[in-house]
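Here is a short briefing for a first look at a structure. Please keep the sequence and the 3D view side by side while reading.

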Amino acid sequence: ISEEKFMQSLKPVLSNLKFRASLGSIGNQDMGGQYYIPTMDNYAANWIVNNVLAPTFTNPLAVANSLKWESIKSLDFGIDAGFFNDQLSASFDWFQRNNDGMVDIATVPATFGAAAPHTNQGNMRERGFELTVSGHKNITKDLLLYATLDLSNSNGVITKWKNDSKS
């Protein structure tokens, strides 16, 4: 916006001004396992056959039909400003991330007979901001003074969680 004609009179003081916004959605594939495949692990059992521990397999992993990827939706608004020929600059961002369908182990009765399946258990919202202020000044031909201040804060809140056990 600083390159627009109506901003030219401010150029000696406000050398750069930009507004930014972004919106996006992505699936979280980093869920830590293959919870959608009914795998069986092999192990050496606690009994001996032909003088060796007998090889055997676990029960198949229980798989929830409703399991899907976690979805992360992001919203960001930002502003960048430069002053005095960009010797002083600032950048500010406000963001919100919504993680829908967080994966965790389901609650099942003790008599279920296998490991509990992973299901989409809840949602989380994170909001925050990031602020960066930087400055540089040539003191002499061989000496440059440079400083940066970074400040950020975010707060995450579980907005929904499935709790079948009510504990």
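Which residue in strand 5 does Gly-82 stand opposite? The residue opposite Gly-82 is Ser-89. The model is a predicted one. Its sheet is open and has 5 strands, in the order 1-4-5-6-7.

- Strand 1 and strand 7 (144-161) stand at the edges. Each has a single partner strand, so one side of each lacks a neighbour in the sheet.
- Direction ignored, neighbouring strands of this sheet are turned against each other by 10 degrees on average.
- Strand 4 pairs with strand 5 over 13 bridges, in the antiparallel sense.
- The hairpin of strand 4 and strand 5 has 4 residues between the strands. In this hairpin, Phe-84 takes a positive phi near 55 degrees.
- Strand 5 also pairs with strand 6 (residues 118-138). That pairing is antiparallel and runs over 17 bridges.
- Gln-96 stands opposite Arg-127, and Trp-94 has Phe-129 as its bridge partner.

**Salt bridges**

- How many salt bridges does a search of the whole structure find? The search finds 3.
- Arg-20 bridges to Asp-80, with the closest N and O atoms 3.0 Å apart.
- Asp-93 lies in strand 5 (residues 88-105) and Arg-20 in strand 1, so the pair ties together parts 73 residues apart in sequence.
- Is Asp-93 buried or exposed? Asp-93 counts as buried because its relative accessibility is 12%, and buried means under 20%.
- Arg-20 has a relative accessible area of 32%, so this residue is partly exposed.
- Lys-73 forms a salt bridge with Asp-100, and their closest N and O atoms are 3.1 Å apart. Lys-73 belongs to strand 4 and Asp-100 to strand 5, so this pair ties together parts that are 27 residues apart in sequence.
- Both partners are partly exposed: Lys-73 has a relative accessible area of 38%, and Asp-100 has a relative accessibility of 24%.

**Aromatic rings**

- The structure holds 2 aromatic pairs.
- Why does the pair of Phe-77 and Trp-94 count as stacked? The ring planes stand at 25 degrees, so the pair is stacked; the cut-off for stacking is under 30 degrees. The ring centres of Phe-77 and Trp-94 are 6.2 Å apart.
- Phe-77 is in strand 4 and Trp-94 in strand 5, so their pair ties together parts 17 residues apart in sequence.
- Phe-77 is partly exposed at 43% relative accessible area. Trp-94 is partly exposed too, at 31%.
- Phe-92 and Phe-129 form a stacked pair, with 6.0 Å from centre to centre and 20 degrees between the planes. Phe-92 lies in strand 5 and Phe-129 in strand 6, so the pair ties together parts 37 residues apart in sequence.
- Phe-92 has a relative accessible area of 34% and is partly exposed. Phe-129 counts as partly exposed at 25%.
- A charged side chain also sits by a ring: Arg-97 lies over the face of Phe-95, at 4.3 Å from the ring centre.

**Ahead of strand 1**

- Pro-12 lies in the segment before strand 1 (14-28).
- Pro-12 counts as exposed because its relative accessibility is 60%, and exposed means over 50%.
- Which residues does Pro-12 contact, leaving aside its neighbours within four places in sequence? Pro-12 is in contact with Phe-84 and Asn-85.
- The C-alpha atoms of Pro-12 and Ala-64 are separated by 63 Å, and these two residues are 52 residues apart along the chain.

Key. Residues numbered from 1 in each chain as written. Predicted model: local features only at pLDDT ≥ 70, side-chain atom pairs only at ≥ 80, totals over all residues. Heavy atoms only, no water. Helix = DSSP H or I, 4+ residues; strand = E, 2+ residues; numbered from the N terminus. Buried < 20%, exposed > 50% of the residue type's maximum accessible area, 1.4 Å probe, protein only. Contact = heavy atoms within 4.5 Å. Salt bridge = Lys/Arg side-chain N within 4 Å of Asp/Glu carboxyl O. Pairing = 2+ DSSP bridges. Axes fitted to C-alpha atoms, helices over the stretch in contact; angles between N-to-C directions. Phe/Tyr/Trp six-rings, centres within 6.5 Å; stacked < 30°, edge-to-face > 60°. Lys NZ or Arg CZ within 6 Å of the ring centre and 35° of its normal.
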